[in-house]
Amino acid sequence: MSPFPRNQWYVAAYAHEVGRELFTRTVCGESVLLWRTEAGEVAAMADRCIHRRFPLSETPSRLVGDSVVCGYHGFTYGANGVCTAVPGQARVPRTARLNTYPVKEQDSFVWVWIGERDKADETLIPRSPWLDSPRYTTVCGMEPLAARYGLLVDNLLDLSHETYLHGGYIGTPEVAETPITTEVDEAAGVVHVSRHMDDAECPPFYAKSTGITGRITRWQDIEYHAPCLYLLHSRIAPVGAPGPNADGSDLHAFHVEVVYAITPETEHSTHDFWAVARDFALEDQEVSDFLRENNRTVVLQDVAALDKLEQVIASESAGAQELSINIDTGGLAARRLLKRLTEAGSEARGTNERQSLAVS
Ligand code: FES
Ligand SMILES: [Fe+2]
């Protein structure tokens with residue numbers, strides 16, 4: 001069985017990473033070549049030449065106009081993956097083509113579909129509109145994680161770890177002390193976890209960025225759209241400030257949208273895309289620099305912990321016991337959803353493989 005849900009959209013890159021240079025990233029064990037056509041469209045295809053499997057992202061492979069020329073013997077491919085030229089003969093074999101991936105650029109991400117292409121439905125891609133909205137300012141990055149993606153899902157769905165792992169940055173005692181509520185939308189594949197702190201210490205992450213000096217009301221509302229997109233709607237206001245209005249406006253609070261795209265690279269490694277979008281101090285470069293540095297530090301604290309955890313799990317026999325408590329309800333719900341999606345994707349793949357065996 002595949003260790004990842006297939007027939008799913010995953011973030012392969014930030015849009016700004018993909019240009020007129022050949023760029024590669026491994027998604028769910030598949031090496032994906034990304035580049036932009038002269039018209040600016042993103043092309044996504046297998047990063048392995050069909051001739052002798054030389055990586056097309058590797059020099060001296062190169063982009064010539066809207067064609068990729070393999071750097072080993074010169075097989076040439078268009079943006080649709082079709083091979084248009086081979087060396088030493090005029091006839092190009094009819095079956096000569098690279099597998100291409102359905103791809104969609106949206107909300108500053110490049111999403112690729114991993115699975116059966118006829119099932120790819122762009123309307124299923126979860127949204128994070130803050131990331132390229134003029135009403136927000138965003139800082140972002142990506143850190144490689146030498147750990148399975150499920151460990152990052154566990155980590156993000158249980159923010160009580162902020163108190164311990166991220167003390168002095170975003171953690172304060174109230175995060176671990178305040179109970180959560182968890183709801184699961186099984187049909188949509190979304191887990192909601194909320195923690196509302198009425199009177200909490202303001203951690204440096206928010207004190208320095210918002211300028212609040214006293215205690216705060218701090219809301220953490222998580223939406224995890226399995227498998228790839230995690231949204232943390234964070235609301236910060238001085239204690240005693242009025243709450244949001246019935247029409248959704250909320251003039252007395254600061255809002256930070258923390259977005260993670262959790263993309264499996266291999267069974268034991270993950271691309272940890274993170275972004276922090278704020279609706280205040282939009283033009284303030286110092287606030288941007290501070291939030292970028294501070295959040296990256298926090299992400300690297302998680303990376304260090306999860307890399308260690310991966311080593312522990314990989315070294316132990318299967319079935320080593322864990323003990324779950326109330327704080328784990330979100331993470332356990334996410335695990336159930338991911339198991340269901342993984343099984344569904346594997347069944348689909350099994351059916352496909354049987355069909356292709358039958359016709360060959
Ligand atoms: S490996 Fe690409 S042309 Fe031979
Ligand atoms: Fe963390």
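This report describes the predicted model of one protein, from its overall dimensions to selected residues.

## Overall form

The protein contains six helices and 17 strands. Its C-alpha trace spans about 75 × 50 × 40 Å along the principal axes. A compact globule of 360 residues would have a radius of gyration near 21 Å, and the value of 23 Å for the protein agrees with this.

Of the 360 residues, 39% are buried. When contacts between residues at least 6 apart in sequence are considered, 59% of them join residues at least 24 apart.

The domain assignment divides the protein into domain 1 (8–123) and domain 2 (135–317 + 324–341). Taken over C-alpha atoms, the centres of the two domains are separated by 33 Å. The contact between them involves eleven residues of domain 1 and ten residues of domain 2. On the side of domain 1 that touches domain 2, strands β1 (8–14) and β2 (23–27) each supply at least two residues. Strand β1 gives the most to that side, with six residues.

An unreviewed UniProt entry carries the annotation "domain: Rieske" for residues 9–112. In the model, this span is 0% helix and 41% strand, and its end C-alpha atoms lie 6 Å apart.

## The largest nonpolar core

In soluble globular proteins, nonpolar side chains tend to be buried together. The largest nonpolar core of this protein has 88 residues, and the members that touch the most others are Tyr10, Ala12, Leu34, Ala44, Val110 and Val112. Strand β16 (residues 254–266) gives the most to this core, with seven residues. Both domains take part: domain 1 (8–123) and domain 2 (135–317 + 324–341) each contribute at least three residues to the core.

Tyr10 illustrates how such a member is surrounded. Apart from its neighbours within four places in sequence, Tyr10 is in contact with Val27, Cys28, Trp111, Val112, Ile114, Cys228 and Thr263. One of these partners, Val112, is itself listed among the core members that touch the most others.

## Helix α5

The buried residues of α5 are Leu291, Asn294, Asn295, Val298, Asp302, Val303 and Leu306. The elements covering these buried residues include the helices α1 (149–157), α2 (161–165) and α4 (204–210). Strands β11 (137–145) and β17 (269–278) are also among the elements that cover them.

## Backbone features in loops

Two cis peptide bonds may be noted. One joins Thr59 and Pro60, with omega about 5°, and Pro60 is found in the loop between β4 (42–46) and β5 (62–64). Another joins Ala226 and Pro227, with omega about 0°. Pro227 is placed in the loop between β14 (216–225) and β15 (229–238).

Positive phi values also occur in residues other than glycine. Arg53 has phi near 70° and is located in the loop between β4 and β5. With 13 other C-beta atoms within 10 Å, Arg53 is partly exposed. Ser108 has phi near 75° and lies in the loop between β9 (103–106) and β10 (109–114). Ser108 counts as buried because it has 20 C-beta neighbours inside 10 Å, and 20 is the number at which a residue is classed as buried.

## Thr84 and its surroundings

Thr84 is placed in strand β8 (residues 83–85). It has 14 C-beta neighbours inside 10 Å and therefore counts as partly exposed. Not counting residues up to four places away in sequence, Thr84 touches Ser67, Thr76, Tyr77, Gly78 and Val92.

Notes: Residues are numbered from 1 along each chain as its sequence is written. Chains are lettered from A and ligands numbered from 1 in the order in which they are written. This is a predicted model: local features need pLDDT of at least 70, side-chain atom pairs count only at pLDDT 80 or more; totals for chains, interfaces and linings use all residues. A nonpolar core is a set of buried Ala, Val, Leu, Ile, Met, Phe, Trp, Tyr and Cys residues joined through C-beta atoms within 7 Å. A residue is buried if 20 or more other C-beta atoms lie within 10 Å of its own, exposed if 12 or fewer, and partly exposed in between; C-beta atoms are placed from the backbone. Helices (H or I, at least four residues) and strands (E, at least two) are DSSP runs, numbered from the N terminus. Domain bounds come from an automatic or database domain assignment. Two residues are in contact if their C-beta atoms, placed from the backbone, lie within 7 Å. The radius of gyration is taken over C-alpha atoms; the globule rule is 2.2 Å times the number of residues to the power 0.38. UniProt positions are given in the numbering used here, feature names are shortened, and annotations may be inferred rather than shown by experiment.
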